Amino acid sequence: MKYLYYILIVCFLLVNSTLNAQDKYRSHTVKNGETISSISKEYGISEGEIIRLNPELSNGVSALNVLILPVNVVINTTTQEVKFKKHRVKRRETLYSISKKYNVSVGNIKKFNKHLYANELRKGEKLKIPINLKEIAIEVIENTTNENNTSSKTATHTIIAKETKYGIARKYGITIVELEQLNPNLREGLKIGNTLNVPNTSSAGSSVIEEGLYEFYEVQPKEGFFRLKVKFGLSKEEIVALNPYAKEGLKDGMILKIPKKGGLVISEHSNVVNLENEIINRSKKKLVVMLPFQLNKIKSDTLDSDKDLLIGNRTLRVALDFYSGVLMATEFAKEKGISLEVEVLDTQASENKVASLIAKNDFSNVDAVIGPLLEKNVIKATQLLKKTDTPIFSPLSNREMKISSNLFQTMPTDAMLENAMIDFIKENSEGKNIILVCDAKRSEQKAKIISALPSTKTISLRKEAYIYVDDIQAKIDETKENWVILESRDPVLVSNVVGLLNGMPEEAKLRLFTLDKDRVYDFHDISNFHLAHLGFTFPSINKSYNYKEPNAFVTSYKNKYGVLPNKYAARGFDVAYDVILRLASADDMYDATSNDYITEYVENKFQYSKKLFSGYQNNAFYIVKYDENLQFEVVK
């Protein structure tokens, strides 16, 4: 662990770097002993072109570097400095139309937006357009059909009964506007038997839909597949199955065939979206990570004292574990072609240091701040950065805070978890006998439970603050399942109740619940075998990954650090990767949280909502239980 500590500190000092995009169809992983010169000879590409495509190589090439290389290109190199103009892709634009607008070839647009070699152009994404390439000749030889040669031939369509403009447009994969452009008289209405000009190929089947089962939907500006998934509960695959032409991407005004509500069974997880498939904003993202590394306490000449610092400082250990996960998230983002600039600041666990760092650094162009770690420092950073409206992500605090509009609380509050557990029990309480064991310090929770579940039977504690087996037997109903809710943070009482319940006969059909799985359940006298036997169920901010199942993050982490990630490392990855993907799927973080969708990663999920006159709160959590294999099973 000591060596991992020093590795992470070195990474902290060097991490302010740019992560550049790559094209999966034109990549080369550098092997031991390879140089820029040898790679140049292997592929027949000039060294200057390799460096131009991979600017990070200006300091040399290293084994395992992934390089972007052109395929089948003829290059006339030049020392001319390329100037760029930013272009945001609009509805119905194509690479061909953009190339004509700026008088630049499609090949040159792809050269400086390398993801376009492998991916379709998407509405809303930002492109770098070279505007002074008169002396640079680049011919990209591709096997795809040239957009210049797109057929303009049209066919005719005879209007039949029950057809509508929406249905006809959908049938031929065009928008209402495009249909009207082909048929100027269409605004006068449809008449049975009349003919219309349409594209020469239809791809969507009938233009008449089954009444009661489906309806037509017109795609709105800025809508992609994941936004439609939130709205209709349909995956990209399901939409394409109903609308084959949508396989090439959605555009504003496109007409889709959508099942009416009640006409399709929607998965309970239908609003969980994968933002890796929704990347449209490829401009460089600038992140700041603020964590209490406390470098001021490190004495480089005394390794033993540094080791003691690590052992005795829990905050530092948590910060390092969390940071190791953040580093993995930036590597995953690079593999997705997302360009990042990451700056890491040491808060030294001090409010004054946080204020000093913010005063000395320019945050006006920062897309998001992850951290600080400690609650008091989160509040300080939020207040100071409110003027620049910089999003602040509080990674590990779930306490109620007086939060500003720029604060994102990534953890649900205790109150949210308690209410969710009560709702779960209430929704499933039919035919159950509910029994409550509660000490005096949890009286507020007792009142909430009884208010929601009036028929609950309560067990009063003895003077010694514990119960006897007779107390439980008196409340058990042998004709029903008996659900016992235990509310206490006293390890003696919890151990007492768990032990008694575990000793009851199977006929009692017992199951144990709590509104808050505090650290008390980790007390050495409380057996995990007993908890598993009782189907112990509780609300949780996170789930636990199963190390036996394939997981890209877990495998990569173990390969990099030699150990399995703990919950803080997993959370560092989940929080950072979610922030990065949200920024890459929208204009900014506020736009990325304007929809009520859920994202889910290794152990955590996120569903942000805007609080009135305040910031953003993550509302996503799990209801989990111990299964017979001592694993946490997600039940909701």
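How much space lies in the second largest pocket? About 1,600 Å³ of space lies there, where a volume is the space filled by probe spheres set on grid points joined across faces, edges and corners. The model is predicted, so that local features need pLDDT of at least 70 and side-chain atom pairs count only at pLDDT 80 or more, whereas totals for chains, interfaces and linings use all residues. Residues are numbered from 1 along each chain as its sequence is written, and side-chain values use heavy atoms, with hydrogens and water left out.

**Second largest pocket**
- A pocket is an open set of points on a 1 Å grid over the protein atoms alone, where a 1.4 Å probe fits, with protein on both sides within 12 Å along at least five of seven lines, and its lining residues have an atom within 4 Å of a point.
- Of the 39 lining residues, Met411, Arg519, Ile541, Lys567 and Tyr568 lie nearest the centre of this pocket.
- Two or more lining residues come from each of H11, helix H14 (414-427), strand E21 (537-540) and H20, the helices (H or I, at least four residues) and strands (E, at least two) being DSSP runs numbered from the N terminus.
- The lining divides into 16 nonpolar, nine polar and 14 charged residues, with Ala, Val, Leu, Ile, Met, Phe, Trp, Tyr, Cys and Pro counted as nonpolar, Asp, Glu, Lys and Arg as charged, and the others, Gly among them, as polar.

**Nonpolar cores**
- In the largest nonpolar core, which has 57 residues, Leu291, Ile338, Phe553, Phe573 and Tyr577 touch the most other members; such a core is a set of buried Ala, Val, Leu, Ile, Met, Phe, Trp, Tyr and Cys residues joined through side-chain atoms within 4.5 Å.
- Elements that each supply at least two residues of this core include helix H11 (314-335), helix H19 (552-561) and helix H20 (567-584).
- Leaving aside neighbours within four places in sequence, Leu291 is in contact (heavy atoms within 4.5 Å) with residues including Phe322, Tyr323, Leu345 and Leu373.

**Backbone**
- Gln294, in the loop between strand E12 (285-291) and helix H10 (303-312), has a positive phi near 55° although not a glycine, and at 3% relative accessibility Gln294 counts as buried (under 20% relative accessible area, with exposed over 50% and partly exposed in between, for a 1.4 Å probe and protein chains only).
- Ala349 also has a positive phi, of about 60°, and counts as partly exposed at 22% relative accessibility.
- A cis peptide bond, with omega about -5°, joins Gly371 and Pro372.
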